[in-house]
Amino acid sequence: MRMIKPLQQGAQLLRDIRSTADRADGFRLWWLGQSGFLIQWARRHCLLDPYLSDSLTIKYADTDKPHERMSELVIAPEHLDMVDVVTSSHNHTDHLDAYTLGPLRGANPDLSLIIPEANRAFVQDRLQCDIRWPVGLTDGTQVGEKGFTFIGIPASHEDLDTDSQGRHRYMGYVIRSGRWTVYHSGDTLLYDGMVERLRPLNIDVALLPINGRDPARRVAGNLDGPQAAKLARDMGARMVIPCHYDMFAFNTAPPDAFAHACVALGQPFRVLRLGERLALPASGP
């Protein structure tokens with residue numbers, strides 16, 4: 001299978017990121033594949049759930065569930081030397097990858113890591129880091145970190161799974177940067193009360209998975225395209241961008257149904273190519 005080539009990758013993508021890094025106005029983000037996005041605002045950079053390695057392809061190469069890559073790597077993590085804060089929404093490797101986060105931290109010694117508080121011990125073990133390093137969030141808690149504000153929103157990756165203290169293991173994050181508000185859901189299905197949590201938060205850009213739920217894949221499910229479009233409309237998002245597709249051949253879906261549903265619902269949307277930049281002006285979405 002011929003792999004998808006990013007619109008921008010490697011040195012070209014890095015030049016694009018650096019070309020606007022010193023600007024104090026506006027808001028920019030790049031899709032880096034799967035659920036990974038880089039946000040740039042006011043000379044600060046927030047990296048959301050990056051998977052920038054082949055660790056899963058290697059891990060599952062000789063199994064009955066090969067994680068065959070569909071797209072070329074957008075950029076090596078050690079080249080992203082401008083990142084202030086990185087997130088992990090849950091413990092699955094495409095959202096918490098030691099082979100991404102290790103080199104990333106090496107390139108950014110002052111890096112902060114946002115995680116669900118329930119996952120702290122697991123994160124320490126996987127990343128071999130000081131248990132005090134990550135910044136943990138629970139349902140509704142808010143923390144300011146490196147110029148960004150993060151609010152924890154539970155996610156239902158099949159279930160609203162919690163630890164013995166009732167803290168959610170799967171989390172989405174609302175990220176505020178100046179006048180901009182982004183919602184990165186992580187991996188999730190719709191659950192009762194989700195829209196009511198999100199609607200008052202005045203979301204400018206929603207980043208939602210569209211690969212859907214198919215038990216035959218033997219992995220936890222996500223929103224499909226029409227569900228993502230409807231959730232964005234119901235929460236009042238000014239724009240929605242799909243993600244979590246075109247990474248692994250066994251667990252993907254084309255964005256066509258998502259786009260058609262957005263059009264039918266009157267929901268503004270943008271389908272990004274890998275490595276593509278979305279720029280929003282300082283004056284508004």
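**Entry 1: overall size**

I looked up the radius of gyration first. For 285 residues, a compact globule would come near 19 Å, and the protein has 17 Å, which agrees. I note here that the model is predicted. I then took the extent of the C-alpha trace along the principal axes, and the protein spans about 45 × 45 × 45 Å.

**Entry 2: secondary structure and contacts**

I went through the secondary structure and noted 7 helices and 13 strands. Next I looked at how far apart in sequence the contacting residues are. Taking contacts with a separation of 6 or more, I find that 66% are between residues 24 or more positions apart.

**Entry 3: burial and surface**

What share of the 285 residues is buried? I noted 57%.

**Entry 4: charges**

I noted 31 positive and 34 negative side chains in the protein. I also looked up the centres of the two sets, which lie 5 Å apart.

**Entry 5: helix α1**

I turned to α1, which covers residues 10-19. Which residues of α1 are buried? I wrote down Leu-13, Leu-14, Asp-16 and Ile-17. They lie on the same side of α1, because the arc they cover around the axis is only 160°.

What do the buried residues of α1 pack against? I found four strands: β1 (27-33), β2 (36-41), β3 (44-48) and β13 (277-280).

**Entry 6: positive phi at Asp-49**

I looked through the backbone angles and stopped at Asp-49, whose phi is near 45°. This is a positive value in a residue other than glycine. I located Asp-49 in the loop between β3 and α2 (55-59). Is Asp-49 buried or exposed? The relative accessibility of Asp-49 is 0%, so I count Asp-49 as buried; the cut-off for buried is under 20%.

**Entry 7: positive phi at Lys-146**

I also noted Lys-146, with phi near 55°. Lys-146 is a residue other than glycine, and this phi value is positive. I placed Lys-146 in the loop that runs between β7 (142-145) and β8 (148-154).

Terms used
Residues are numbered from 1 along each chain as its sequence is written. This is a predicted model: local features need pLDDT of at least 70, side-chain atom pairs count only at pLDDT 80 or more; totals for chains, interfaces and linings use all residues. Side-chain values use heavy atoms; hydrogens and water are left out. Helices (H or I, at least four residues) and strands (E, at least two) are DSSP runs, numbered from the N terminus. The radius of gyration is taken over C-alpha atoms; the globule rule is 2.2 Å times the number of residues to the power 0.38. Buried means under 20% relative accessible area, exposed over 50%, partly exposed in between (1.4 Å probe, protein chains only). Contact means heavy atoms within 4.5 Å. Lys and Arg count as positive and Asp and Glu as negative; His and the chain ends are not counted. The place of a charge is taken as NZ of Lys, CZ of Arg, CG of Asp or CD of Glu. The arc is that of the directions from the helix axis to the C-beta atoms.
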